[in-house]
Amino acid sequence: MELQIRHLSKRYPNGVQALDDVTLTIPTGMYGLLGPNGAGKSTLMRTLATLQEPDAGEVSLGDVDVLNDKDAVRRQLGYLPQEFGVYPKVPAYDLLDHFAVLKGVTDKAERRELVEALLHQTNLWKARTKHLGGFSGGMKQRFGIAVALIGDPRLIIVDEPTAGLDPAERVRFLNLLSELGEDSVVILSTHIVEDVAELCSRMAIINEGRIRFEGDPLAATASLEGRIWKRTVEKADLPALRESVEVISDRLLVGRVVVHVYADASPGPEYAPVEPDLEDVYFCTLRGLLDPAPAAGGDAPPVAGDLADVAVEVPAADISYEAPSPSGRGTG
């Protein structure tokens, strides 16, 4: 089964082009969608989750027309938005049971078996009687995944799922996502490069609403072999350095700055070669230094010039997901 996205576009009333002719083919398994804040990731995720309409384009999940048969899509969809609300004074078991009823699981014995299995799968069984208001950030994220998994979805969308999690909770959550990708299309939308590097065999990088790269993370990383160099400089020297070499990233370390530079040959004796990683791929792509891989089934998207510091402001109306929950946003 594949998720086919063809020529998807969305412009908001304030003129922001959130999606610009997006074309992707997403197979079964974990698929990473990387991009800076405001790049169009959440707009694309909400469109795929049938929460908003595009201006143009087509989307299909297997033989289901996603844009024109929303009920059929929702029966096969699990969605974990970036922010969602819960009833803070309700135990996890009771609220998950309630969501199962809303998803159409009306047989009491079947529902009990399902809820217990999901709590075990998300490692929340021991906390099943605890009120959700007392859950940590990671526990709430795992509860959100439990809700998303009701109905054995074929398409699972998770939007910035590890933002704000401590390292231990992040590892637990990534392990859970990895298991889910064995039988479903799982789209991981994030700005955290490490999440994609650890989980996804295919990925796309989006910025300013356009796909800037699509392909295999390992192959993309290998394409930078011998072209990434490292140097440590004083912070005051960084502006001048940017004028002389292609600095793709910089990181403050004990009062000094470690820079990564893109060059086909050593820029000088002060530079040491670096084994490239997916973060280097990400920054090179945003700066237009890599040839884009064509999206499957479509033409190669054009690459912009220097996009490293560009961010699209998404209008306020686009960042709320209303649901009948007393604490704010819904669980999808």
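I looked up Glu 169 and found it buried, at 7% relative accessibility (buried is under 20% relative accessible area, exposed over 50%, partly exposed in between, with a 1.4 Å probe and protein chains only). The model is predicted, with local features needing pLDDT of at least 70 and side-chain atom pairs pLDDT 80 or more, while totals for chains, interfaces and linings use all residues. Residues are numbered from 1 along each chain as its sequence is written, and side-chain values use heavy atoms, without hydrogens and water.

I then examined salt bridges (a side-chain nitrogen of Lys or Arg within 4 Å of a carboxyl oxygen of Asp or Glu); the count is 14.

I noted that Arg 142 and Glu 169 form a salt bridge at 3.2 Å, N to O. Arg 142 lies in helix α5 and Glu 169 in helix α6 (residues 167–180), so the pair ties together parts 27 residues apart in sequence (helices are DSSP runs of H or I, at least four residues, and strands runs of E, at least two, numbered from the N terminus). Arg 142 is buried as well, with a relative accessible area of 6%.

I next recorded the salt bridge of Arg 287 with Glu 246, whose closest N and O atoms are 3.2 Å apart. Arg 287 sits in the loop between α10 (278–286) and β15 (322–325), and Glu 246 in strand β12 (residues 246–253), 41 residues apart. Arg 287 is buried at 15% relative accessibility, whereas Glu 246 is partly exposed at 30%.

I finally checked His 131, which touches Pro 88, Lys 89, Val 90 and Pro 91, not counting residues up to four places away in sequence (contact means heavy atoms within 4.5 Å).
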